[in-house]
Amino acid sequence: MDKFILDLSRKIKNKKLEIAVIGLGYVGFPLALEFVRKRVMVTGLEIDRDRLKSIINRISYISDISNQELRASLDSGYFKASAEFSDIKNADVIMVCVPTPLKGKNLPDISFIKSAVKEAALHIKKGALVILESTTYPGTTEEEILPIFEDRGFTHGKDFYLCFSPERIDPGNKKFPVHKIPKVVGGLSLKATRLAMLVYGIIIKQVIPVSSARCAETVKLLENTYRLINIGLIDELSMMAHKMKIDIWEVVGAASTKPFGFMPFYPGPGVGGHCIPKDPLYLHWKAKSFGFHSRFISLASNVINYMPEYIVKRVEEALNKRNKKIKNAKILIMGVTYKKDIKDLRKSPSIDVINSLRRHGAIVAYSDPIIPYLKLNEIDLKSVVLNAGKIRKFDCVLIATDHSGVDYPGLLKNAKLIFDSRNVFRGKHKEKVERL
Ligand SMILES: NC(=O)c1ccc[n+]([C@@H]2O[C@H](COP(=O)([O-])OP(=O)(O)OC[C@H]3O[C@@H](n4cnc5c(N)ncnc54)[C@H](O)[C@@H]3O)[C@@H](O)[C@H]2O)c1
């Protein structure tokens, strides 16, 4: 058997493997702790001082990691967090989980990946396996990451190995934590892929090899583009159905009874987070460099981006029906995070809804059990602690995110009008609840 594969297999068997995870965010932190649970030594590299401080204070900042889990990991002696890249010098495997946002006019910003990898390349040992997990456009691993190591005199397949493996985590999804989600891996060589399969095999039952890093990069973009387009489609159909006086929720519910060939998607105020709104635009951008314009991605993005404005229009109509103007109307936004029960405000459509309502002259407040303060650009608000008297003061309560633990019956009892963009009330109480 090949020496590297043999060495790595032996280290895994003898629990002598060392892993470094760069970026302890929604992706990197749960991934790191999965290995810690299997008694693998993990060093987490994090440059955000607040996040590091939080770990030192043994307080988790990721909804999917409890303080108890974090404490157990620290106490096990298998996990440490650091801001010093020299701490990865003994790592056999380096996993890169840093952000990949957009810049300017929807352009990919892979500067976080490049800077993390440049720093790592100064410290990695010979024979290390580097795996990029950050979502990015096809070709990044080969065209952008490989040259960073080559510039340092490393030869792929001799001095180090390189792979791409998309993270597919779904924050808040208790049914599918990291170890239950099959992992796709594509290396710059077959040997790189096999090494990565051995490593992920420690924590995940099903590891699926693909023929190249480029294919693995595209797998993730296909998954998220599929979601974007289907959400755009159902958003458009919900607007159409409203005009035609058809209940879209009832339609989706009934269509979902088909046991094959249909998957339900639901309308909403837009999409947020660090994945669906931007990943397809990475693909769109790369395709352009091949002279290809993806019409589906542009169309779905446009429809979804219109949703906050559409919801405000519907709220205005609902108020007008009750002889109330939107100007100076008091509106309470319920839920400001992009997703139910997840403390993440990135690209949250609730923020666009708040801004749009304000442009229409409404007086906006919000209530969110997990976001006590909202300070974003022009917005500087404190979450309203709800009681009957406070709810009665609002002209409309707009459910933007359907967090658990909210007193929805209390809202229903006391609100003058509710606009339900998440189907919390299942189309009931029509006299008071308008539904998207
Ligand atoms: N959030 C999700 O649901 C999700 C799911 C699948 C894939 N992804 C992808 O995974 C990647 C990471 O996303 P995330 O949500 O975890 O982001 P995040 O912002 O929560 O975490 C990234 C972390 O990397 C740190 N970081 C940045 N540069 C660094 C450096 N040079 N050294 C050390 N740490 C550094 C940041 O401080 C941050 O804490 C992105 O490419 C994203 O598209 C995200």
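The model is a predicted one, in which local features need pLDDT of at least 70 and side-chain atom pairs count only at pLDDT 80 or more, while totals for chains, interfaces and linings use all residues. Residues are numbered from 1 along each chain as its sequence is written, and side-chain values use heavy atoms, with hydrogens and water left out.

The structure holds 25 salt bridges, a salt bridge being a side-chain nitrogen of Lys or Arg within 4 Å of a carboxyl oxygen of Asp or Glu. One of them joins R214 to E142, whose closest N and O atoms are 3.7 Å apart. Because R214 lies in helix α8 (residues 213-243) and E142 in helix α6 (residues 140-151), this pair ties together parts that are 72 residues apart in sequence; helices here are DSSP runs of H or I with at least four residues, strands are runs of E with at least two, and both are numbered from the N terminus. R214 and E142 also belong to a network of salt bridges that includes E143 and K286.

The largest cavity has a volume of about 40 Å³, a volume being the space filled by probe spheres set on grid points that are joined across faces, edges and corners. A cavity is a set of points, on a 1 Å grid over the protein atoms alone, where a 1.4 Å probe fits but cannot get out, and its lining residues have an atom within 4 Å of a point. Among the residues that line this cavity are Y26, P30, D64 and I342.

Methods. 1 Å grid on protein atoms, 1.4 Å probe; cavity = no way out; pocket = protein on both sides within 12 Å on 5 of 7 lines; lining within 4 Å.
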